[in-house]
Amino acid sequence: MKKFILGTAMALVMSTAAHAETVGVSMAKFDDNFLTVLRNGMTDYAKTLSGVTLQVEDAQNDVSKQQSQIQNFIASKVDAIIVNPVDTDATTAMSKLAADAGIPLVYVNREPVNVDTLPDNQAFVASNELESGTLETKEICRILGGKGKAVVIMGELSNQAARMRTQDIHDVIKTDECKGLEIVEEQTANWDRTQGADLMTNWLSSGIEFDAVISNNDEMAIGAIQALKAAGKDMSKVVVGGVDATQDALAAMQAGDLDVTVFQDAAGQGKGSLDAALKLAKGEKIEKKVYIPFQLVTPANVKDFVTKN
């Protein structure tokens, strides 16, 4: 009987060991509200899984540091790698490193430049950026009645999301319904709240007139709002939009300062990327692109999203 129990226990230990998996995670930066929610979604989900260990690193917005982290993951023989790229134009080299080592790799949130040529054991999990800037700009256009002047605050131009969201804005303005909108200024604030505030302060100091602020993300939109309010502007006369539906953005909307945002399921992307990495580590086939839908958020439905991000 003792031998049977001992044998069963050993089998369970061996089974658990066989299914234990370590996933290396390189995040572009920890000091970012949206990416923090994404990272927490991933780590919280990992805690519910038996035998899954995450090794999470902060690339501190440094491409070379991120590449070194991937090399260290490979040297440590992790079972899979998840990357939130600092620079989406640098992903081809990262893909090659992982592919040469035979380790599955999943990009999350920021679309890699080589997304259409990823190796067999690599994938991309995010939301479709064709929806984000489009939903945001169409709603701003609707509020303005199809005409007015707008300033555009772009994210880091090394990121595909910033380029795509900005292109979405231009594409919407080309439509018959919104061709009365005019972009009077368009500059980057690198996804950052403080830089968004500084950029808006400069525009106001230059005497630029506008009816709307179309921002690539909520952080820059909030910075713009702070600068507008500091300058004594009436927020009821300026339409401000962002993307991500972060908790700070939803609070700004409930306060009457932010008019439009687009919910991007950060926690869902974190969970989805880990699911994809674990499936690839087990040799399972998955879709190359896994998209989680965006959703428009306005003052009319903001309460539905308060607990989501």
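**View 1. An open sheet of four parallel strands.** In this predicted model, the strand order is β7-β6-β8-β9. The pairing is parallel. Strands of a sheet pair through backbone hydrogen bonds. Two strands sit at the edges: β7, residues 180–188, and β9, residues 239–241. Each of these pairs on one side only. On average, neighbouring strands here are turned by 20 degrees against each other, direction ignored.

**View 2. The pairing of β8 with β9.** Strand β8 covers residues 212–215. Three bridges join β8 to β9, and the two run parallel. Look for Ala 212: it stands opposite Val 239 in β9.

**View 3. The largest nonpolar core, with 32 residues.** Which residues touch the most other members? They are Ile 153, Met 200, Val 213, Leu 228, Val 240, Leu 258 and Val 297. Five elements are listed as giving two or more residues to this core: β6 (147–154), α6 (160–173), α7 (193–205), α8 (218–230) and α9 (247–254). The largest share comes from α8, which supplies seven residues.

**View 4. Met 200 and its contacts.** Neighbours within four places in sequence are left aside here.

**View 5. A second, separate core.** This core has 27 residues. Among them are Val 23, Phe 34, Val 52 and Ala 266.

Conventions. Residues are numbered from 1 along each chain as its sequence is written. This is a predicted model: local features need pLDDT of at least 70, side-chain atom pairs count only at pLDDT 80 or more; totals for chains, interfaces and linings use all residues. Side-chain values use heavy atoms; hydrogens and water are left out. Two strands pair if DSSP finds at least two bridges between them. Axes are lines fitted to C-alpha atoms, for helices over the stretch in contact, and angles run from 0 to 180 degrees between N-to-C directions. A nonpolar core is a set of buried Ala, Val, Leu, Ile, Met, Phe, Trp, Tyr and Cys residues joined through side-chain atoms within 4.5 Å. Buried means under 20% relative accessible area, exposed over 50%, partly exposed in between (1.4 Å probe, protein chains only). Contact means heavy atoms within 4.5 Å.
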